[in-house]
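Here is a friendly walk through how the chains of this assembly meet. Keep the structure open as you read.

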Amino acid sequence: MNQTILAQYLLSGLIYGSIYAVIALGFNIVYNATGIINFAQGEFVMLGGLLTHSLSSVLPLPIAILSSVTITAIVGALMEIIFIRNLGVLVKGDGGKGGVMQLTIMTIGLSILLRELALKVWGEQVQTVPFFTGNESSSLSIGGAHFSPQLLWIMGATALIFLILSVFFKYTLSGQAMRACSASRVGARLCGIRAEVMVTLSFALAAGIGAAAGAVTAPLTQTHYAIGTSLAIKGFTVAVFGGLGNSGGAVAAGFILGIIESFSIIVFPEAFKDIVSIVILLAVLLARPAGLFGSREASRLKEF
Amino acid sequence: MKKKDYTPLVAFMSVSILIPFLTNIFQVNFFLTQLTMSAYYALAALGLCLLLGYAGQISLGQAGFFAIGGYTSAILSKAGLDPRLAFVASVLLAALVAILIGMPVLKLKGHYLAMATLGFGVVIEKIVRGTPALGGADGISNVPSFTILKDLRITGGKADRLSNYAIAFVILSIVLILMINLLSSRSGRALRSLHGSEDAANAMGVNVANTKLGAFVIAAVLAAIAGSLMTHLNGSIGPGEANTMKSIRYLSIVAVGGLSNFTGTLAAGIILNFLSLRGVFGIYDDAVFGAILVLVMIFAPNGFGFAFPARFGKGAKK
Amino acid sequence: MNGFLKIDGLGKSFGGLRAVDSVSFSMKKNTIHSVIGPNGAGKTTLFNLIAGSIRPDDGTVLFNGENITALAPHKVARRGIFRTFQAVKLIQRMSALENVMLGMHSQTKSGIVSGMLSLPLARAEEKKMTERAMASLEDVGLATQAHLPTGSLSFGDQRMVELARSLVGNPELLLLDEPASGLNMKETAGLTERISNLREKGLSVLLVEHDMSLVMEISDCLTVLNFGQKIAEGNPREIQANADVIRIYLGEDDA
């Protein structure tokens, strides 16, 4: 097999793997805090890309990116405050299972609304985002394989996100409060932690990192109002694959899926590429629902 | 003993019989075709109502079974097979797939089950969209009409509007009868017990896995019947019918109609789809269904739905 | 000898915790056999092992000579072993009558198709189930509540509905999981009498219970568990005099 083509597949796998990893991290954050699966996670990625696209024409790129991340984080927080909190079930008592299904279904509805809103604002066309450095023709090379510098930005951003989240959850007061909250709502309350705020924060955080992933990959993958749904499915696959609630697992699983998916073109027609992730999803759910790195212990403790 | 309450059936049939007269009076007979299509979509939603509302299992893959029904009928009848046999084949295929998929997948619960069934739907869509032999993105057209008996046809012609409508609503009525009968029978009780307490069901000798599978297969079969007949009605089918959004629509319909309320689901399914087909929602079509999900979850999260109270026998159903 | 219910070396661990450890005992037919012990002794786990909702790590359960150890709960039910739950598990939306009719599921067989088509078999069975269920409800004094959804009944009444449900299928062995929990004194007295009557009718009852007076009053035999192990067995008088048993209960008070 041609080395260049292999390298291309690998690169593509890493790019998409990063997106999947970050989406999975977003799923985990919300899941750990609330027990619900936020279907709108994919839409946050979409918003990151589309907002950056629009803002970059009036603001310097770095500001545009930061703004779109912030705006999306606010959207996430508002979504939680207005809709999720409204049902109230999460903050009553010790976060019982009742209502989790309803809330998950609600996020399905919300993801559709966000998507339709994006359609209204940005239309149907695929939109582009400027490269952070250079342009679409710039390329670097390592050992004969050529790749766009944007890839370094993507890997860097993913690593940074993971690092920031790790530090946040282990060392900051809010992060520890969120972990305490997910482990035991009543216990957290007794320590003076307000569960409602933690839940809102988790949504804002998940939205922010989703948007960051969207913004940093959009130059290479382009962005579009409808990318959210399939991203959400893949992100969920990765989250479960890595062990739901386990973030180190999510990152690893993200890259694994990205690469497998990328190389699957060798065997399957491109039109069926999405089936690969679903087959993996079903296989994991049925054979090893705890995922590669998850265990019942870990998901109970809900470590970051 | 749960009294077999046929009031919903009577109500449904009365309204269905009334409609053609109304469309005639108001000179809007072309409504009948869209109502017929809506009826088939409502049939698929009815399957989900049984599965989710009574057996308590969520499925976001109904559109996949609808497509299996439609595509199988299309391919076989275009290949020359008598549409009646093609119909039987497509229903059997859907049942088979439902058994194969259901056996492993129904062991999952809650959002895992939702995701797995969602994944199934996506796989079906990708397959029909990406396979040239299945028509690719354009789907299959020029599907012959379905002759049930000598002059009774399901087809796209204007002249057959009324008979198409009648066929669809008779089928719905029959299915409604079967469902009402089922629910007040031993199997129906077993099915309903799943939603209440699987442990209790097990302890009473109910084979929970098989019962879940039975409900899943029934839902799939209803969706396949709807898909098959709709395909003959329209003369075509496309990959859009397997789309996730369609599955989510079925969920919205069941949600707003009342989780364990057949008449509510039928009414919601027919009305909402009719409005959608008439273009009333404009470009906000999908948004409407999304909004419905959100609103129902906010205002009526338990047992879903707020439409159609006791008047239609909802109380007796529970 | 005694071939009714024989538990042999049953064991189950959860993670590192040995919940049930090599427990063996035999139960005679047509007796009331109680399993007692402090909280956390493994009584409910033992129960669930017998009823089939948990798989044991070691040991066997023999019922009427048949090895039922690995059977799924619904199959255990079909062998004539019915159980109740400590947290009453009724189908809240269904009426009391329908809940009790569910108890006859294993004794009837009309399926989905005959149900849908309302075939004669289905209708005949439905009639039979309704009559038997009604009779069962009358036995527990709840005939008047038959058509109410169980969610609207008092806890004590719900317990009785569950009991009626487990009796309607003419079980051979009844497993009662803390049937007196949550009942007041009057209800407990009524329950005690009912369980006693079951013995007269030829049933056998295996009981897990905390209420000592109930247990001592009606049991033919008691098995005492502590930390998952059997530490004593005998009739009520023997158990009340048993030093080990006294120690574990008194010791608990001291702590």
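## Ground rules

Buried area is the accessible area (1.4 Å probe) that two parts lose on being put together, summed over both. This is a predicted model, in which local features need pLDDT of at least 70 and side-chain atom pairs count only at pLDDT 80 or more, while totals for chains, interfaces and linings use all residues. Residues are numbered from 1 along each chain as its sequence is written, chains are lettered from A and ligands numbered from 1 in the order in which they are written, and side-chain values use heavy atoms, with hydrogens and water left out.

## Where chain B meets chain C

Chain B and chain C bury about 2900 Å² between them, and 59% of this lies on carbon and sulfur atoms. The contact (heavy atoms within 4.5 Å) draws on 31 residues of chain B and 33 residues of chain C. There are 4 salt bridges across this interface, a salt bridge being a side-chain nitrogen of Lys or Arg within 4 Å of a carboxyl oxygen of Asp or Glu. One of them joins Glu98(C) to Arg189(B), with the closest N and O atoms 3.7 Å apart.

On the chain B side, α6 (161-183), α7 (186-196), α8 (198-203) and α9 (208-234) each supply at least two residues; helices (H or I, at least four residues) and strands (E, at least two) are DSSP runs, numbered from the N terminus. The most comes from α7(B), with 8 residues. By class, the side of chain B that touches chain C has 10 nonpolar, 14 polar and 7 charged residues. Here Ala, Val, Leu, Ile, Met, Phe, Trp, Tyr, Cys and Pro count as nonpolar, Asp, Glu, Lys and Arg as charged, and the others, Gly among them, as polar.

## Where chain A meets chain B

The area buried between chain A and chain B is about 3000 Å², with 83% given by carbon and sulfur atoms. Here 34 residues of chain A are in contact with 35 residues of chain B. The count of salt bridges is 2, and Asp274(A) and Lys126(B) meet in a salt bridge at 3.0 Å, N to O.

Elements giving two or more residues to the chain A side are α3 (61-87), α4 (100-122), α9 (227-242) and α11 (273-287). The most comes from α4(A), with 14 residues. This side of chain A has 25 nonpolar, 5 polar and 4 charged residues.

Is Ser106(C) buried or exposed? Ser106(C) counts as buried, at 16% relative accessibility, where buried means under 20% relative accessible area, exposed over 50% and partly exposed in between (1.4 Å probe, protein chains only). Ser106(C) lies in the loop between α3 (96-102) and α4 (112-117) of chain C. Not counting residues up to four places away in sequence, Ser106(C) touches Met204(B), Gly205(B), Ala77(C), Arg78(C) and Phe82(C).

Leu134(B) sits in the loop between α5 (110-130) and β1 (146-149) of chain B, and is buried with a relative accessible area of 18%. Beyond four places in sequence, the residues touched by Leu134(B) include Tyr71(B) and Ile75(B).

## Confidence

For chain B the average pLDDT (the predictor's confidence in each residue, from 0 to 100) is 87, and 92% of the residues score at least 70. Over residues 306-318 of chain B, pLDDT stays under 50. Where pLDDT is low, the predicted coordinates should not be read in detail.
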